[in-house]
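Colleague: Let us go through the side-chain contacts of this model. Please give the cut-offs as you go.

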Amino acid sequence: MAIFKNKWQTFDKLLWILGIIFGMLVPVLTDRIPALTRVHWVVWFLLIINGIYSIWIGVHVARRQQKVFNLLIFPLLFLLAAYFFMPHYTYYFAPAYWAVSYLAWASQQQ
């Protein structure tokens with residue numbers, strides 16, 4: 001039981017909650033807004049907002065000195081949402097998000 005308690009305390013809940021929000025909920029919900037064209041959706045939500053969030057993930061993981069595998073949470077959740085709810089061309093954003101977050105993480109290393 002102590003193993004589970006220790007794992008729960010080291011578990012980054014903020015990273016998972018924001019990963020679910022930005023990786024799954026925001027892209028799926030904003031794709032359903034009729035006022036947004038597909039171009040605006042891709043530019044604002046997939047490139048700019050999720051790109052900034054990817055940079056934040058890299059900096060957050062580096063500052064808290066977490067394992068580099070935490071960088072995969074957001075891209076994998078996004079890929080899961082893209083597979084079921086979004087167009088096929090959005091699959092390619094997942095490796096791009098991972099690359100951006102990895103570069104942000106690497107830039108914080110000494």
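Modeller: The model is predicted: local features need pLDDT of at least 70, side-chain atom pairs count only at pLDDT 80 or more, and totals for chains, interfaces and linings use all residues. Residues are numbered from 1 along each chain as its sequence is written, and side-chain values use heavy atoms, without hydrogens and water.

Colleague: Is Arg64 buried, partly exposed or exposed?

Modeller: Buried means under 20% relative accessible area, exposed over 50%, partly exposed in between (1.4 Å probe, protein chains only). Asp12, at 8%, is buried. Arg64 has 48% relative accessibility, so this residue counts as partly exposed.

Colleague: How are the rings of Phe78 and Tyr97 arranged?

Modeller: Rings of Phe, Tyr and Trp (its six-membered ring) pair if their centres lie within 6.5 Å; planes under 30 degrees apart are stacked, over 60 edge-to-face, the rest tilted. The search of the whole structure finds twelve aromatic pairs. For Phe78 and Tyr97, the centres are 5.1 Å apart and the planes are at 80°, which is edge-to-face.

Colleague: Which helices does that pair tie together?

Modeller: Phe78 and Tyr97 are both buried. They are 19 residues apart in sequence, so the pair ties together separate parts. Those are helix H4 (residues 73-85) and helix H5 (residues 93-108).

Colleague: What is the angle between the planes of Tyr102 and Trp105?

Modeller: These two are three residues apart in helix H5, so about one helical turn separates them. Tyr102 is partly exposed at 33%, whereas Trp105 is buried at 16%. Their pair is tilted, with 5.5 Å centre to centre and planes at 35°.

Colleague: Which residues beyond its sequence neighbours does Asn50 contact?

Modeller: Asn50 lies in helix H3 and is buried, with 0% relative accessible area. Contact means heavy atoms within 4.5 Å. One aromatic cluster is formed by Phe22, Tyr53, Trp56, Phe74, Phe78, Phe93 and Tyr97. Leaving aside neighbours within four places in sequence, Asn50 contacts Phe22, Pro27, Phe45, Phe74, Phe78 and Tyr97.

Definitions and conventions. Helices (H or I, at least four residues) and strands (E, at least two) are DSSP runs, numbered from the N terminus.
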